[in-house]
Amino acid sequence: MDATNCFHCGNEIIKKEEILFDEKRFCCNGCKTVYEIFSINNMSCYYDFQASPGATPLDINGKYDFLENENIVSKLLEFQEDATHIISLYVPHIHCSSCIWILENLQKLQSGINTSQVNFPEKKVRINYNPEKTNLKQIVALLCSIGYEPYISLDNFEEGKKVVDRSLVYKIGVAFFCFGNIMLLSFPEYFEVNEFWINQYRGFLRWLVFAISLPSFLYSASGYYVSAWKSIKAGMLNIEIPIALGIIVMFIRSTVDIIFDYGQGFFDSMCGLIFFMLLGKLFQQKTYSFLSFERDYKSYFPIAITKILSNGTEIPVQVYDIKKGDRLLIRNQELIPVDGILISNKASIDYSFVTGEAVPIEKKSGDKIFAGGKQLGKVIEMEVLFSVSNSYLTQLWSNDVFQKKVEIKHKTITDKISRYFTPALLALAVLSFLYWIFISVDTAFNVFTAILIVACPCALALTAPFTQGNVLRIMGRRKLYLKNAMVIEQLAKVDTIVFDKTGTITTNEKTSITYEGEPLNDFELKLLGNTLRGSNHPLSRRLYDFIPKQEKIEPLHFEEIIGKGINAEFEDGTVKLGSSQFLQHMSENTHKKTKVHVEINGVYKGSYIFNNQYREGLEKLFERLSKNYKLIVLSGDNDGERKILEKMLPANATLVFNQKPEQKLHYIENLQKQGKNVMMVGDGLNDSGALAQSNVGISISENVNVFSPACDGILDASQFQKIAFFMNYSKNAMLTIYMSFTLSLLYNIVGLSFAVTGNLLPIVAAIIMPLSTITVVSFVTIMSNIYATKK
């Protein structure tokens, strides 16, 4: 580094203000202080990422005093609990790998910060901190002290702090202006007009063209130079390098032509090249934005929640129909979809969706509760503060804590191609240039530039994410909601499908229920109804709908033991219901049916018998799946319906009964040890462990707001019979990706063959490049839509 530049920020040092410290030069005390902070905390490797990576720290005297106001801070926070606060801050200075590194290591600079995650495209950092050890003002002061001042605007905060970046549109506008005007001024050159006045002003017109080309060269194409330079400094070769090199070569060659009067140069081609490439980039950006919008805001979750009307009636509503002021009923294990105020006396909330930690937090009436929490225990009521944000729920569901470590084959292929693509392209361009330079200088420069431009693998890089984005959108419209694009490839690899029985292959509707035992009086039915009201188990929900509606009373204690049953305590009595083993009543040895046994005030009363109704299309679905997959039914119930299932299902389907939740998990684990790729389809409550263990976990949703954060997808119960379609569609999606890989490579091969032989002008190469992207995107869209229409 030059001795006159600051070691931290790279700015030129004014001699009078120069500060020497640790044998390094700094432009101000702020930069020196940042260096000291990093050194003291053993983080000086920050400077290994690139030279002068930092920004000059700012003096913020009193600027952020408003962050001492708790009311203001509470509006800025995404999540707020006793020991955990979460906030997303927009940091405009985020620009490179060293920025990401330092901002994701804030916990080393300040105690109380738990984690920090950078969203590079949006220039945001999401900080999880402990308010008992630090506060938001101190965190903002820390960010300012190391040169990363956040932008906090209270005026537009309610709208999500959206900062619209229009720089690409401006660059396209400038490039188009330059391209159009240079084309007009170059007409005499194109048509070789030799009129006297043209010859007289030819030199002036050429220098005017040169001047007009400068904004396009210096401003519109600046993103390519910056990206290429950072890539070189990081010791990597990205695709921006050949593009930036091609533009620079065209500019230098054209300038030389004008200076030595060899001709008008290629300024028109250069500006056209920049314009068409930026146009292609805008097309990609709009494409991704569209897919993101579809994923985030079009009823992403099929879940519904119970809304309490003013007359006390309970009705299910879709989450995106919830409005401010609505009163909601949240049962045991249900996800809280919106921020609100707790109406009930107390609640126990599990925020593992948000923090990854499953330690329940106790709340009392009047406390604020946040979206993403899971209610544990007895039923609660809450009042809605804000309407649902599906994008926020998506963010919670996609929390890194719950991601499964899997190898993504297509990504590996793309990475391998990209790793060797740029060096091979540069080598080919140089060799072709050396060959043609001895034949024709003009052709040599044309060939060199055309090769660098036409072989841009933008289409190659776009093919996988766009295909998967389109497939996610189509699956979402058909009510299979996948957590992320990686699940598509995992679905395509599945060879074994494991189904839960109750609530999965059986439906919550159309079930006949009978009671045997001592009849229950009105008081006992009231206790039973209010016990069932708090449970989300499929049998509990069916039984709650079956018995007459009861007066609402609040349980003093409620405990649901997954896979076993429920204990509830009221002022006037106790209720225990569940399996025969849970109640220690062994009547099922003689009558093997699905039953829920009831005990009130310590006295066994009887049992409700469920004659299960299997889902429509179950036999056809299993018959179709059995041709390509090993099928297993894994049930926690007894084997009373084994004979019925053996008649309904294919002969090669395996039936396993009396499985506790932990036994289901071990069963899947054993299948995986045998080399099987397992998909588990369950109800999301009793099966959370098995869903997490499987390669792909799909939770069936039947208007119930219950699923595991570890599941990979949510399937609306009405689409159960289409599982075979989704499995086949995922395989066709991967086939589409590989076909589009081939198409993109063919584009490059054909384009390079013309460029190497001198038959492709740079401007034509510039037009072909975005066209190849449009072609590949159109291809994957058409193919994924065609496969979606297949039965």
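1. Which residue is the bridge partner of I87 in β6? In this predicted model, the partner of I87 is I127. The two strands concerned, β4 (residues 85-90) and β6 (residues 124-129), run antiparallel and are joined by 6 bridges.

2. That pairing belongs to an open sheet of 4 strands, ordered β3-β4-β6-β5 and paired in antiparallel fashion. Because β3 (79-80) and β5 (113-119) stand at the edges with a single partner strand each, one side of each is left without a neighbour in the sheet. Helix α4 (residues 136-145) packs on the sheet, where it touches β4, β5 and β6, and its direction makes about 135° with that of β6.

3. Turning to the nonpolar cores, the largest holds 50 residues, of which I497, F499, L625, M679 and I723 touch the most other members. Helix α25 (residues 723-756) gives the most to this core, contributing 10 residues. A second, separate core has 32 residues, among them C178, F210, F251 and F276.

4. The surroundings of F499 can be listed in some detail: when its neighbours within four places in sequence are left aside, F499 is in contact with residues including F622, L625, L631, I632, V633 and L634, as well as with V681, F720 and I723. T504 and I505 are also in contact with F499.

5. For the protein as a whole, there are 26 helices and 28 strands, and 53% of the 791 residues count as buried. Among contacts between residues at least 6 apart in sequence, 67% join residues at least 24 apart. The accessible surface comes to about 36,000 Å², with 56% of that area belonging to carbon and sulfur atoms.

Notes. Residues are numbered from 1 along each chain as its sequence is written. This is a predicted model: local features need pLDDT of at least 70, side-chain atom pairs count only at pLDDT 80 or more; totals for chains, interfaces and linings use all residues. Side-chain values use heavy atoms; hydrogens and water are left out. Buried means under 20% relative accessible area, exposed over 50%, partly exposed in between (1.4 Å probe, protein chains only). Contact means heavy atoms within 4.5 Å. Accessible areas come from the Shrake-Rupley method with a 1.4 Å probe; for residues, only the protein chains shown count as cover. A nonpolar core is a set of buried Ala, Val, Leu, Ile, Met, Phe, Trp, Tyr and Cys residues joined through side-chain atoms within 4.5 Å. Two strands pair if DSSP finds at least two bridges between them. Axes are lines fitted to C-alpha atoms, for helices over the stretch in contact, and angles run from 0 to 180 degrees between N-to-C directions.
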